[in-house]
Amino acid sequence: MAVSSTPARSPRRARGEGQWALGHREPLNANERAKKDDNPLNVRARIENIYAHGGFASIDPADLRGRFRWWGLYTQRKAGIDGGRTAVLEPHELEDEYFMLRVRVDGGQLSLEQLRVIADISQEFGRDSADITDRQNIQLHWIRVEDVPEIWRRLEAVGLQTTEACGDCPRVVLGSPVAGVSADEVLDATPAVDAIVERFVGDREFSNLPRKFKSSVSWLADMPYEINDISFIGVDHPDYGPGFDLWVGGGLSTNPMLAKRLGVWVPLDEVPDVWVGVVSVFRDYGYRRLRHRARLKFLVADWGVEKFREVLEKEYLGRSLVDGPAPALPDKPIDHIGVHRQRDGRYYVGAAPVVGRVSGSQLNQLADVARAHGSGRVSLTPYQKLLVLDVPEERTEALVTALRGIGLEARPSTWRRSTMACTGIEYCKLAIVETKARGQELVARLEERLGDIDADITININGCPNACARTQTADIGLKGQLVMGPDGRQVEGFQVHLGGGLGMAQGQEGGFGRKLRGLKTTADELPVYVERLARRYLDGRTGPDEAFA
Ligand code: SF4
């Protein structure tokens, strides 16, 4: 046999990373194939015309487990399947005939009419379930495909939508929950949020991205800006005035990376054009070959910010961007809990459910309470909390009391204020561990045993390594996995990450918690474990200003 002297090309080099702009369109992984076979937005017509009439059994599996997500629909996990079987069962064995439905609330603001529509849908179609997510969405459960067209009709009648709430597309655009009212805000970013949503959400040019694309636009750094694909944060330019600093390439999951500043200043009216430039770079140059390398962060990490900026300017914007200064960033998250004066002299009141769990009936009560205290709107935060806006000063204390009466606490303990939990095993097919009930139990236990404390200790509880509730950015980040129980059998538990935090990326030092091999706890022992950690910190600190990290 003749031996070639030409070195074999590695399969990876031959196929590239699946970047469209470099001509790498084949071969396709299953996700890319499904998107190529049919634009996922087309599934809406099939839901309305076929599946809503034929029921769950009539749904094409490629739509069910793929394209449905572009309309905010995920199949719900079947009850009673333990986390040990998540990885071994087939998708159809894990899923129930019901859906989780994510309602996007771009910018986080809801009129009371919109709030009531969501609440009524929850009560009528979703067994009264509702969660405020850590991306300003409201997620409903127990939804039947038969009811989806009517739910869309009701949502869209009040300007809400589920379009591209999930899937490989532009997800909800985060905005400050106090945009337009904050005394600290110089420029209200709402027009840019609205323009991005109106122009580009549901646009087929951007409905097949390599993976999800997470955005935020806010003057205040009251967003998890370091972990979005794109973030615009307010900054005052010495020559040009107020505008926005641009960050790209953040993301968590199993390869966490902090977003990087491009060093440019963008005026408010140019934010949508720059946003679409960045999303276009991602669409064309993003890695599609391997799903786990398909987020924008991998491209930014490989290219570096100089090349990314150059490609954005030359190939997509056709002009140079203005160099800009770094914004002043807070050293800890701004969650807006409590009573705060607005710049118009009225007040907003931020209140905490426990780990984002609410209900349709509670949201209807919230609308009643807000209305009775002079407010016409609420907003959601990316910390699973909510605000009642525009309250006259003389009504604020009565509002705090009324909110408490419906299970929303405007003066919460540190534990309630600083604990978040993802969906977890109750509904999520990827989960290994239960999260929401454990989070509620943990908060109750810490309040009982430690009372309130004069320190912030953030606790983020996640049901698997996907980090939807931001495992790596909490003082105590919990990643759900199986661990060895006391009797030597595997049980639900958590890998513990310590000392992470948002608001710590200034200077790109990195704010991710450290994962230490031995730091694990069973889920049953979690309350005792966290209490012990908290006591050790409280006993050992030199004063209240010493951070947990
Ligand atoms: Fe589901 Fe895992 Fe995300 Fe939690 S972190 S919602 S368990 S995918």
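Why does Gln 472 count as buried? The reason is that Gln 472 has 24 C-beta neighbours inside 10 Å, and a residue is called buried if 20 or more other C-beta atoms, placed from the backbone, lie within 10 Å of its own, exposed if 12 or fewer do, and partly exposed in between. The structure is a predicted model, in which local features need pLDDT of at least 70 and side-chain atom pairs count only at pLDDT 80 or more, while totals for chains, interfaces and linings use all residues. Residues are numbered from 1 along each chain as its sequence is written.

Gln 472 belongs to the loop between β18 and β19; here helices (H or I, at least four residues) and strands (E, at least two) are DSSP runs, numbered from the N terminus. From C-alpha to C-alpha, Gln 472 is 8.5 Å from Gly 499, although 27 residues separate the two in sequence. The loop between β18 and β19 also holds Ala 467, which has a positive phi of about 65° although it is not a glycine. Ala 467 is buried because 21 other C-beta atoms lie within 10 Å.

Ala 467 is also one of the residues that surround the ligand, among them Cys 422, Cys 428, Cys 464 and Cys 468. A residue is taken as near a molecule or strand if its C-beta atom, placed from the backbone, lies within 6 Å of it. The shell around the ligand comprises seven nonpolar residues, five polar and no charged. In this division Ala, Val, Leu, Ile, Met, Phe, Trp, Tyr, Cys and Pro count as nonpolar, Asp, Glu, Lys and Arg as charged, and the others, Gly among them, as polar.

Strand β18 (residues 459-462) pairs with strand β19 (residues 476-484) in the parallel sense over four bridges, and Asn 460 stands opposite Gly 477 in β19. Two strands are said to pair if DSSP finds at least two bridges between them. On to the next strand, β19 and β20 (residues 490-498) pair in the antiparallel sense over nine bridges, with Lys 479 opposite Gln 495 in β20. Five residues lie between the strands in the hairpin of β19 and β20, where Gly 488 takes a positive phi near 85°.

An unreviewed UniProt entry annotates residues 166-318 and 417-539 as "domain: Nitrite/sulphite reductase 4Fe-4S"; UniProt positions are given in the numbering used here, feature names are shortened, and annotations may be inferred rather than shown by experiment. The span of residues 166-318 is 31% helix and 23% strand, and its end C-alpha atoms lie 31 Å apart.

Another part of the model is an open sheet of six strands, with mixed pairing and the order β6-β7-β8-β9-β10-β11. β6 (170-175) and β11 (322-323) stand at its edges, each with a single partner strand, so one side of each is left without a neighbour in the sheet. β6 runs parallel to strand β7 (residues 213-218), to which four bridges join it, and Gly 175 has Val 217 of β7 as its bridge partner. Helix α8 (residues 190-200) packs on the sheet, touching β6 and β7, and its direction makes about 165° with that of β6. Helix α11 (residues 305-317) packs on the sheet as well, touching β9 (241-248) and β10 (260-266), at about 40° to the direction of β10. Contact requires C-beta atoms, placed from the backbone, within 7 Å; axes are lines fitted to C-alpha atoms, for helices over the stretch in contact, and angles run from 0 to 180 degrees between N-to-C directions.

In a regular strand the side chains alternate between the two faces of the sheet. Strand β4 (residues 129-132) is covered on both faces, with Ser 129 and Asp 131 buried on one side and Ala 130 and Ile 132 buried on the other. Three bridges join β4 to the antiparallel strand β14 (residues 357-359), where Val 358 stands opposite Ala 130. β4 also pairs in the antiparallel sense with strand β5 (residues 138-143), over two bridges.

Finally, helix α13 (residues 396-405) has buried residues at Thr 396, Leu 399, Val 400, Ala 402 and Leu 403. These buried residues pack against β12 (338-341), β13 (347-351), α12 (360-372) and β16 (386-391). After α13 comes Gly 407, whose phi is positive, near 85°.

Technical notes
Two residues are in contact if their C-beta atoms, placed from the backbone, lie within 7 Å.
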